[in-house]
Amino acid sequence: MAPVSISPIKVGHIDDVQELRKARPTTVPPRYVRDISERPTTTTTTSSMHIPTIDLSKFSGENINSYQFNRELSKLAASCKEWGFFQVINHGIEREILESIEKVATEFFMLPLEEKQKFPMAPGTVQGYGHAFVFSEDQKLDWCNMLALAVEPFFMRNHKLWPTKPTKFSEILEIYSVNIRRLCQKLLRFIAMSLGSNKDVFNEKFGNAVQAVRMNYYPPCSRPDLVLGLSPHSDGSGLTVLQQAMGSSVGLQVLKDDKWVPIQPNRNALVINIGDTLEVLTNGKYKSVEHRAVTHKEKDRLSIVTFYAPSYEVEVGPLPEFIGGNRPCMYKKYNHGDYSRHYITNKLQGKKTLDFAKLSTQVDSKCI
Ligand SMILES: O=C(O)CCC(=O)C(=O)O
Ligand SMILES: [Fe+2]
């Protein structure tokens with residue numbers, strides 16, 4: 001068979017956003033200036049709504065099946081249906097762990113460029129330091145530098161891209177990821193229960209789950225009205241856990257009823273969102289919702305984002321218990337590894353990532 005040739009992606013020279021900001025603090029190069037319809041100021045933002053807060057202490061063993069327990073479970077169900085986003089408090093991860101990951105991430109981004117470029121993200125890939133999801137020379141760029149790493153399962157790690165400075169980076173990321181994995185497993189149990197399902201249904205489906213972390217650093221921008229920190233997108237994960245570093249500007253916004261709702265950083269909370277995979281598994285009962293990040297004139301911002309997803313061998317499709325009654329099967333079945341590759345190429349082309357799996361007519365035979 002003839003070898004498949006993949007044409008190299010031509011993205012031109014991409015400036016490092018921190019360096020741009022240092023060299024020309026009052027200008028925004030045209031490649032970052034959004035078309036009018038995409039600008040933060042021409043899209044409607046509202047501060048009168050807030051994502052729901054779920055208190056995980058209400059789910060502790062001694063509360064099981066209590067009034068408090070069931071009330072929090074209903075709140076969780078409503079958050080996943082109506083927002084696709086919520087924040088959790090009393091999540092069980094020690095503050096010291098959250099602070100140490102913020103510290104090493106900040107120290108990494110503050111290193112000289114040559115140091116960070118020792119771990120480069122190649123065009124068309126999503127591991128290492130650089131600009132993810134750049135596919136052409138005329139695409140608008142996000143006002144953001146990223147460090148992205150696959151963390152679990154162990155064989156997916158590309159050790160060459162793990163920073164060696166600060167020296168504790170890998171050790172701290174390791175501890176952080178173990179804690180985030182436990183949190184995701186716990187959340188998937190409560191999410192299953194909130195749907196009236198067996199509590200282990202999602203954890204069993206995910207198998208040896210994939211965990212990838214992305215650290216997003218947004219320098220201040222002299223024209224936050226013209227640029228985006230991160231373009232609107234939904235996540236390809238099952239669940240995403242997002243930590244907004246303390247002292248950061250408000251940047252994350254979630255689309256709700258066609259309005260962008262900002263999410264204030266909260267010292268005691270982690271932001272959780274439903275990814276494309278959980279939308280498919282629940283046959284659309286729970287939603288993977290679009291979100292974006294905006295920038296600030298004077299303040300910088302750091303977010304640490306973990307994507308928790310099924311093992312690449314897993315066949316993903318609506319689970320039979322969510323099909324039927326007045327809910328026909330809404331998505332086709334596919335392999336999660338294929339989907340992850342599809343996600344990257346579709347995001348590279350600026351497309352909605354989940355569209356390929358949506359069935360336009362009811363074809364139950366493709367589901368079961
Ligand atoms: O920085 C943020 O708050 C948004 C990050 C995000 O959505 C992502 O990395 O997928
Ligand atoms: Fe995201």
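The model is predicted. Ligand 1 sits in the largest cavity. The protein covers 100% of the 290 Å² of accessible area that ligand 1 has on its own.

**Around ligand 1**

- The shell around ligand 1 has 13 residues, and Arg 214, Tyr 218, His 291, Arg 301 and Ser 303 come nearest.
- By class, this shell holds 6 nonpolar, 4 polar and 3 charged residues.
- Strand S12 (301-309) gives two or more residues to the shell, as do strand S5 (210-218) and strand S6 (230-233).
- The most comes from S12, with 4 residues.

**Polar atoms facing ligand 1**

- The side chain of Tyr 218 has an N or O atom 2.6 Å from an oxygen atom of ligand 1.
- For His 233, a polar side-chain atom lies 3.0 Å from an oxygen atom of the ligand.
- For Asp 235, the distance from a polar side-chain atom to an oxygen atom of ligand 1 is 3.3 Å.

- Asn 273 belongs to strand S10 (residues 270-274).
- Its relative accessible area is 1%, so Asn 273 counts as buried, the cut-off being under 20%.
- Ser 234 is found in the loop between S6 and strand S7 (239-244).
- Ser 234 is buried too, because its relative accessible area is 13%.
- The side chain of Ser 234 makes a polar contact of 2.8 Å with the side chain of Asp 276.

- Most residues other than glycine have a negative phi, and most peptide bonds are trans.
- The peptide bond from Glu 152 to Pro 153 is cis, with omega near -5°.
- Pro 153 lies in the loop between strand S4 (145-152) and helix H5 (169-194).
- Another cis peptide bond runs from Lys 165 to Pro 166, also with omega near -5°.
- Pro 166 is likewise in the loop between S4 and H5.
- Asn 65 is not a glycine, yet it has a positive phi of about 65°.
- The loop between strand S1 (53-55) and helix H2 (67-82) holds Asn 65.
- Asn 65 counts as exposed because its relative accessibility is 60%.
- Asn 283 also has a positive phi, near 55°.
- Asn 283 lies in the loop between helix H7 (276-281) and strand S11 (291-293).
- Asn 283 is buried, with a relative accessible area of 0%.

Terms used:
Residues are numbered from 1 along each chain as its sequence is written. Chains are lettered from A and ligands numbered from 1 in the order in which they are written. This is a predicted model: local features need pLDDT of at least 70, side-chain atom pairs count only at pLDDT 80 or more; totals for chains, interfaces and linings use all residues. Side-chain values use heavy atoms; hydrogens and water are left out. A residue is near a molecule or strand if one of its heavy atoms lies within 4 Å of it. A polar contact is a pair of N or O atoms within 3.5 Å; within protein, one must be able to donate a hydrogen and the other to accept it, and residues adjacent in sequence count only if both atoms are side-chain atoms. Accessible areas come from the Shrake-Rupley method with a 1.4 Å probe; for residues, only the protein chains shown count as cover. On a 1 Å grid over the protein atoms alone, a cavity is a set of points where a 1.4 Å probe fits but cannot get out, and a pocket is an open set with protein on both sides within 12 Å along at least five of seven lines; lining residues have an atom within 4 Å of a point. A molecule sits in a cavity or pocket if more than half of its atoms lie within 2 Å of its grid points. Ala, Val, Leu, Ile, Met, Phe, Trp, Tyr, Cys and Pro count as nonpolar, Asp, Glu, Lys and Arg as charged, and the others, Gly among them, as polar. Buried means under 20% relative accessible area, exposed over 50%, partly exposed in between (1.4 Å probe, protein chains only).
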